[in-house]
Amino acid sequence: MISNEELLQDLQVHQIELEMQNEELRAAHSALEESRTRYLSLYEFAPVGYLTLSREALIIEINLTGATLLGMERHQLINHHFSTLVASKDSDRWHLFLQHLLNNNNEHDFELELYRGDHSPFDAQLNCRLNTNNNQSPTIGVTLTDITQRKRIELVLHIISSAFEAHGPMVICNADKIILQANKSFIEATGYAPDEIIGKHIRILKSNYHDEAFYTDLWQTVNQTGTWQGEVWDKHKSGEVNPKLLTISAVKNSINVTTHYVGSFIDIADQKLAEEKIKHLAFYDSLTQLPNRCLLQERLKYSIDMAQRENKPLALLMLDLDRFKAVNDSLGHMAGDELLQQVAARMTARLRNVDMVSRLGGDEFIVLLDDIAHPDDAARVAEEIISDLSKSFNLSQSDDVRIGASIGISLYPQHGSSPETLLDHADAALYQAKDLGRGCFSYFSEVLTRAAQERIALEVRLRRAIEQEELLMLYQPQIDIKTGQIIGAEAFVYWQDLLGGLIPPLGFIPIAEESHLIVEIGEWVLRETCNQAKQWLDCGLLPITMAVNVSPHQFRRSDISALVENILQETGLPAGLLELEITESGLMENSDLALDILNNLRHQGIRLAIDDFGKGYSSLARLKYFPVDVLKIDKSFIEKIPFNKDDMEIASTIVAMAHNLGFKVLAEGVETREQLDFLREKGCDAYQGYIKNRPLSASDFAELLAKEQALKNAEP
Ligand code: C2E
Ligand code: MG
Ligand code: MG
């Protein structure tokens with residue numbers, strides 16, 4: 001039997017146990033409560049929305065964040081159809097997605113546009129999971145995130161990356177200049193594949209074109225100013241070096257530390273090529289590809305500086321082709337051009353690389369000899385060039401063309417120390433070389449300068465002489481070799497200079513030709529002579545021809561036929577009494593034009609004579625096409641009769657051939673009986689010369705003519 005005491009004790013123990021159990025239960029309960037509250041607040045205030053949807057997409061449950069995101073009260077949303085919140089553009093996709101989820105029992109992400117309670121749209125991301133709980137109908141657990149912000153950033157990034165690709169060549173490097181990204185254009189322009197270039201240092205593109213200082217300077221500028229722009233020659237993968245216009249910008253973070261560099265460039269190879277071409281046009285002669293005057297002047301300046309510094313002489317050779325005009329005029333400009341090109345090639349081949357050949361235009365060339373050891377070296381080179389150029393040229397039209405060259409030389413420092421004086425003095429020396437008879441060279445000297453100065457002074461005086469009527473005409477009789485009668489007069493212009501006395505034509509006609517004064521003088525001469533001839537007629541003298549010299553220059557440049565026509569009309573002299581004397585070279589220089597002019601003159605009834613025949617570029621064969629009356633054998637052939645057999649042979653051949661072509665022949669400069677007898681024997685038609693008369697004044701001539709005509713009349 002259990003005593004009461006024992007029972008009580010038992011009960012007390014139980015009670016204590018129960019109380020202890022109770023206490024545990026209470027503690028467990030409060031812990032549960034606490035965790036539930038924690039869970040609830042987690043659930044309600046989580047940064048994403050939680051929804052539970054029925055399989056028909058009715059909202060069964062939604063947390064506070066979810067309701068806030070959707071902009072509605074929770075009670076409005078419960079039992080609301082989620083599909084009504086989906087933007088209509090995404091509605092079809094949403095239904096397909098839902099179907100797929102239910103069928104495949106999967107967890108899926110889905111992005112779509114949703115409407116809030118106030119109908120404003122926002123971009124949302126859903127993470128959906130199918131809950132299949134025992135036998136209950138499945139539900140869908142959804143987490144809902146607002147991704148409007150992310151979408152906007154994605155869009156901006158997309159735009160930026162499209163722009164990056166659409167832009168010309170562009171590259172992004174980190175602060176260590178390692179390439180992070182390069183667009184397609186950049187890849188194409190540099191020739192590297194993306195994996196060959198991404199991760200590499202930007203110096204992979206560097207060529208040896210620039211020195212280290214260039215790059216140091218470049219990066220210093222980028223880092224200091226944030227940007228650099230300029231021309232850079234980079235190396236293509238193939239090794240080719242190309243010019244680019246490069247812009248580099250530094251990208252800085254919020255505390256102004258450079259984090260990246262962005263480089264972009266445009267290819268300027270074509271532009272460079274065009275610049276080169278323009279430069280070439282500006283500095284090179286397009287026909288011969290030789291440097292032109294501009295480049296010569298630059299180079300000459302530089303060479304003089306160098307010569308000065310190193311105390312060395314240099315030489316300037318000015319070259320002019322002999323007989324080039326005759327070739328140009330007889331064979332045409334194409335042949336002339338071809339000849340100039342061959343001349344350029346021959347000269348270039350002859351010279352050292354350091355020497356410069358340039359063309360000043362026309363048939364004038366300049367050779368700059370840098371660094372010569374002795375002034376005589378220049379003469380040696382000049383001799384070689386002259387000899388090279390005197391050899392026959394082979395042109396497409398004619399395979400044996402011969403010209404020559406004259407060269408004037410000036411030396412630094414003897415003859416000047418500026419480009420201008422050296423050029424001027426070489427020019428003066430060239431003038432002298434031509435005077436010496438062409439095909440030779442001449443150095444500049446003080447004597448030459450003086451001569452040049454005198455020429456200029458003479459030109460000034462001559463100009464005044466025309467205005468002050470200091471010119472006068474002298475006349476030399478032309479005589480029929482058979483009858484001995486005066487048949488004509490050749491008129492020579494003299495200058496009665498107050499300082500220099502009576503100056504013969506050769507003392508001023510060449511200067512008049514150079515300075516174009518000849519046109520004015522020629523006009524005066526024609527008017528004066530025609531007037532004179534008409535006066536003689538009017539005095540009752542029998543008609544004779546008046547032979548007037550016309551210079552080639554005057555013949556070419558002025559409208560000679562119109563002038564003659566006017567003067568004949570003015571003076572009333574019959575055209576048939578006027579004979580114009582033109583030298584062969586005057587005709588050959590532009591033979592087509594000359595032929596036109598001659599035909600026109602011939603039409604007017606004027607007689608034509610070829611003066612100084614045999615002296616120049618003689619070609620009887622070509623003369624036959626010209627309407628010529630008289631051929632005048634140059635006095636140099638007559639001079640040596642009877643001592644020079646060759647000249648005599650030539651003189652008699654000229655007479656025979658001229659007759660064959662239907663021309664009369666007149667010998668000029670006849671001084672001796674032997675000469676006259678020889679010419680008479682060879683059938684020459686007429687002569688003039690000191691044997692009969694020196695040139696006479698108009699009154700002396702008239703007196704002589706009157707006397708002779710009276711004598712003739714007195715003959716039985
Ligand atoms: P040209 O027409 O061939 O004239 C012949 C030259 O020989 C003239 O020299 C004449 O005086 C000279 N002469 C005449 N007979 C003899 C002689 O027996 N022996 C020698 N040794 N010489 C003789 P000039 O007067 O000094 O004329 C030289 C050249 O000047 C002329 O050569 C002609 O080309 C040119 N000239 C003369 N007058 C005029 C003119 O009015 N207009 C133009 N454009 N030229 C002229
Ligand atoms: Mg003459
Ligand atoms: Mg003559």
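Student: What does L580 touch, if we skip residues up to four places away in sequence?

Tutor: L580 touches L526, V548, V550, V564, L601, I606, R607, L608 and A609. Contact here means heavy atoms within 4.5 Å. This is a predicted model, where local features need pLDDT of at least 70, side-chain atom pairs count only at pLDDT 80 or more, and totals for chains, interfaces and linings use all residues. Side-chain values use heavy atoms, with hydrogens and water left out, residues are numbered from 1 along each chain as its sequence is written, and chains are lettered from A and ligands numbered from 1 in the order in which they are written.

Student: Which residues touch the most other members of the largest nonpolar core?

Tutor: L526, W536, L580 and L623, out of 83 residues in that core. Helix α17 (residues 517–538) gives the most to this core, with 8 residues. A nonpolar core is a set of buried Ala, Val, Leu, Ile, Met, Phe, Trp, Tyr and Cys residues joined through side-chain atoms within 4.5 Å. Buried is under 20% relative accessible area, exposed is over 50%, and partly exposed is in between (1.4 Å probe, protein chains only). Helices (H or I, at least four residues) and strands (E, at least two) are DSSP runs, numbered from the N terminus.

Student: Okay, metals. What coordinates the magnesium ion (ligand 2)?

Tutor: E490 (OE), N549 (OD1), E581 (OE) and D611 (OD) do, at 2.0 to 2.2 Å. E490 sits in strand β17 (residues 486–497) and N549 in strand β19 (residues 545–549), so that pair links distant parts of the chain, 59 residues apart. Donors are N, O and S atoms within 2.8 Å of the metal (3.2 Å for Na, K and Ca); water is not among the atoms, so sites may look incomplete.

Student: Is E490 buried or exposed? And N549, buried or partly exposed?

Tutor: E490 is buried, with a relative accessible area of 2%. N549 is partly exposed, at 27%.

Student: Which residue bridges the magnesium ion (ligand 2) and the magnesium ion (ligand 3)?

Tutor: D611, and the two ions lie 4.0 Å apart. D611 counts as buried, at 7% relative accessibility.

Student: What are the protein donors of the magnesium ion (ligand 3)?

Tutor: D611 (OD), D612 (OD), E668 (OE) and E668 (OE), lying 1.9 to 2.4 Å from the ion. Along the chain the spacing is D-D-x55-E. D612 is buried, with a relative accessible area of 18%.
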